[in-house]
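Good morning, and thank you for coming. Please look first at the sequence and the model on the screen.

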Amino acid sequence: EPAPAREAGIHPSAVVHPDAEVHPDASVGPQACIGARSRIAAGASIGPGCVIGEDCEVGAGSTLVARVTLVLRVRLGQRVLVHPGAVLGADGFGLAFDRAADEPHWIKVPQLGGVQVGDDCEIGANTTIDRGAIEDTVLGHDVRLDNQIQVAHNVRIGAHTAMAGCVAV
């Protein structure tokens, strides 16, 4: 069941980048941060301590309960519920081994994609969803993820899928 709606408006301790758009009917809680070019739609609720990075979208009626992080290029559909501590859009585990270097070592492969979450999804506490390497990581409509799930970069989860806690894909 969704968290109770908060009063619309931006808490005085929140930080909203001048290039971000927050709909007047949305609420942004204490100590939340909204990054450049991000958009928060009507009726969305951004809870305390949430961090919305650059180029993110939170759809109408969606709720980020508390301490949720949308790192980069994350798009949430309408009526999405994200529980505390979830992290969406972090780098995937993209590595390449550089054997030609004087000291062979791992190098990080840039993760250029994003995360797309369909309408009416629920994402459990401390769940992580990595952004794609080139294309987006995608959750279809009405996907239900329990707590402590890891979704790796470039994974596609079909509509109406439900996953129990501690699954890694």
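First, the basis. This is a predicted model, in which local features need pLDDT of at least 70 and side-chain atom pairs count only at pLDDT 80 or more, whereas totals for chains, interfaces and linings use all residues. Residues are numbered from 1 along each chain as its sequence is written, and side-chain values use heavy atoms, with hydrogens and water left out.

Let us begin with the sheets. Strands, like helices, are DSSP runs numbered from the N terminus, with at least two residues (E) for a strand and at least four (H or I) for a helix. Two strands pair if DSSP finds at least two bridges between them.

Two bridges pair β5 (residues 33–34) with β8 (residues 51–54) in the parallel sense; C33 has V51 as its bridge partner.

An antiparallel pairing is found between β15 and β16 (residues 105–108), which are joined by four bridges. These two strands form a hairpin with six residues between them, and A96 stands opposite I107.

Which residues have the most contacts inside the largest nonpolar core? That core has 35 residues, and the ones in question are I46, L64, L70, L76, L88 and L145. By a nonpolar core I mean a set of buried Ala, Val, Leu, Ile, Met, Phe, Trp, Tyr and Cys residues joined through side-chain atoms within 4.5 Å. Buried means under 20% relative accessible area, exposed means over 50%, and partly exposed lies in between, with a 1.4 Å probe and protein chains only. Strands β12 (74–76) and β17 (115–117) each supply at least two residues of this core.

Take I123 in strand β18 (residues 122–123) as an example. Is I123 buried or exposed? I123 is buried, at a relative accessible area of 0%. Contact here means heavy atoms within 4.5 Å. Leaving aside neighbours within four places in sequence, I123 is in contact with several residues, among them L81, L88, V117 and L145. L145 in turn touches residues including I129, L139, V151 and M163, not counting those up to four places away in sequence.

Next, the charged pairs. The structure holds nine salt bridges, each being a side-chain nitrogen of Lys or Arg within 4 Å of a carboxyl oxygen of Asp or Glu. One of them joins D136 and R75 at 2.3 Å, N to O. D136 lies in the loop between β19 (128–130) and β20 and R75 in strand β12, so the pair ties together parts that are 61 residues apart in sequence. D136 counts as buried at 17% relative accessibility, while R75 is partly exposed at 25%.

Another salt bridge joins D91 and K108, at 3.3 Å, N to O. D91 lies in the loop between β14 (87–90) and β15, and K108 in strand β16, so parts 17 residues apart in sequence are tied together. K108 counts as exposed, at 53% relative accessibility.

R144 and E122 also form a salt bridge, their closest N and O atoms being 3.5 Å apart. This pair links strand β21 to strand β18 across 22 residues. Salt bridges that share partners join R37, E54 and D55 into one network.

D55 brings me to the backbone. This residue has a positive phi of about 60 degrees although it is not a glycine, and its place is the loop between β8 and β9 (57–58). D142 likewise has a positive phi of about 60 degrees without being a glycine; D142 is found in the loop between β20 (137–139) and β21 (144–145).

Finally, the partly exposed L95, at 38% relative accessibility, is in strand β15 (residues 95–98).
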